[in-house]
Amino acid sequence: MLYEGVLTKMQTEFSNPIAYYLVFENSFLNLNQLLGKELEIVHQGYQCLECGKKKKIFRQGFCYDCFMGSASAGDWIMKPELSTAHLDIEDRDLDYEKKVQLQPHIVYLALSSEVKVGVTRKTQVPTRWIDQGAIQAIPIVEVPNRYLAGITEVALKSLYADKTNWQKMLKGEIPAVDLISERNGLKYVIPKEVQEYYHPESNDLYELQYPVLEYPKKVTSLNLDKSPNFSGKLMGVKGQYLIFEDGTVFNIRTYEGYVVRISL
Ligand SMILES: [Zn+2]
């Protein structure tokens with residue numbers, strides 16, 4: 001079987017285990033069904049996710065021009081505390097920024113490699129945690145805009161990592177942590193203007209199970225630019241990574257906008 005198209009991040013379903021799909025224009029692949037099977041990935045070209053042109057991908061699936069110009073690649077995406085739509089101040093496109101920033105956001109703790117703090121739009125729960133490969137996650141506060149979420153995250157960065165160690169995440173080397181008691185200790189650590197939004201519930205811990213037959217002992221990242229032709233036996237999917245038997249891991253996110261052919 002041959003599948004061909006532009007890579008975009010895997011679609012997921014919060015089931016037990018999580019279901020993963022690679023979706024192309026006219027077809028899709030359920031990756032859970034491919035566990036234990038050989039597949040070949042061949043890099044064929046590029047197609048920018050924004051303008052659709054066959055230009056080299058710069059970052060996040062965008063060509064250089066689109067990345068620099070697109071409203072959906074502003075600095076406030078990666079640094080929510082820089083959000084200004086609540087003040088009516090434009091970064092690149094105020095209408096777009098209002099739509100994205102002025103909606104409920106969650107600040108959370110997630111256990112992906114160690115405990116990390118992060119921010120997500122409420123509509124992205126639990127997708128965001130699945131994309132990070134977290135095995136557990138818990139909301140700390142729900143706030144009405146991205147700015148308040150951002151300053152909360154900044155306040156918690158002295159206590160927690162804000163990035164996942166992807167090697168540990170993929171090797172399944174995760175310490176046991178009680179996220180509920182971690183979260184319960186944060187009421188007075190978060191900024192004063194956010195404390196009114198702190199209403200912890202006892203049953204809001206998420207547990208996430210991934211389709212992995214066996215975790216690798218060592219991991220090596222597949223670089224599709226240097227190795228445009230890869231084949232291997234799929235042993236698992238976690239976060240946005242495919243895990244192969246020889247320890248090769250393929251981060252789909254890094255290669256959004258790459259045109260590939262996948263053969264089974
Ligand atoms: Zn483009």
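This tour moves through the structure one selection at a time.

The model is predicted: local features require a pLDDT of at least 70, side-chain atom pairs count only at pLDDT 80 or more, and totals for chains, interfaces and linings use all residues. Residues are numbered from 1 along each chain as its sequence is written.

**The two domains**

Please begin by colouring residues 2–63 + 212–263 as domain 1 and residues 106–207 as domain 2; such bounds come from an automatic or database domain assignment. The centres of domain 1 and domain 2, taken over C-alpha atoms, are separated by 27 Å. Across the boundary, 14 residues of domain 1 are in contact with eleven residues of domain 2, where contact requires C-beta atoms, placed from the backbone, to lie within 7 Å. The side of domain 1 that touches domain 2 comprises eight nonpolar, three polar and three charged residues. In this classification Ala, Val, Leu, Ile, Met, Phe, Trp, Tyr, Cys and Pro count as nonpolar, Asp, Glu, Lys and Arg as charged, and the others, Gly among them, as polar.

Next, select residues 11–13, which form strand 2, and residues 28–30, which form strand 4, together with residues 19–23, which form strand 3. Helices (H or I, at least four residues) and strands (E, at least two) are DSSP runs, numbered from the N terminus. The three strands make an open sheet in the order 2-3-4, with antiparallel pairing; two strands pair if DSSP finds at least two bridges between them. Strands 2 and 4 stand at the edges with a single partner strand each, so one side of each has no neighbour in the sheet. Strand 3 is joined to strand 4 by three bridges, and Val23 has Phe28 as its bridge partner in strand 4.

**Strand 5 and its partners**

Now move to residues 38–46, strand 5, which five bridges join in the antiparallel sense to strand 13, residues 229–238. Here Glu38 has Lys233 as its bridge partner. Strand 5 also pairs with strand 16, residues 258–263, over six antiparallel bridges, and there Glu40 is partnered by Ser263.

Most residues other than glycine have a negative phi, and most peptide bonds are trans. Select Asn16 and Pro17: a cis peptide bond joins them, with omega about 0 degrees. Pro17 lies in the loop between strand 2 and strand 3. A cis bond also joins Val125 and Pro126, and Pro126 is in the loop between strand 9 (115–121) and helix 4 (127–132).

Gln60, in the loop between strand 6 (57–59) and strand 7 (62–63), has a positive phi of about 50 degrees. Asp88 has a positive phi of about 70 degrees and lies in the loop between helix 2 (75–78) and helix 3 (94–101). Gln60 is partly exposed, with 19 other C-beta atoms within 10 Å, whereas Asp88, with 9, is exposed. A residue is buried if 20 or more other C-beta atoms lie within 10 Å of its own, exposed if 12 or fewer, and partly exposed in between, with C-beta atoms placed from the backbone.

**The largest nonpolar core**

Finally, select Val107, Tyr108, Leu109, Leu242 and Ile243, which touch the most other members of the largest nonpolar core, a set of 55 residues. Such a core consists of buried Ala, Val, Leu, Ile, Met, Phe, Trp, Tyr and Cys residues joined through C-beta atoms within 7 Å. Strand 8 (residues 105–111) gives the most to this core, with six residues. Each of domain 1 and domain 2 supplies at least three. Leaving aside neighbours within four places in sequence, Tyr108 has contacts including Gly118, Thr120 and Ile140.

How values were computed:
Two residues are in contact if their C-beta atoms, placed from the backbone, lie within 7 Å.
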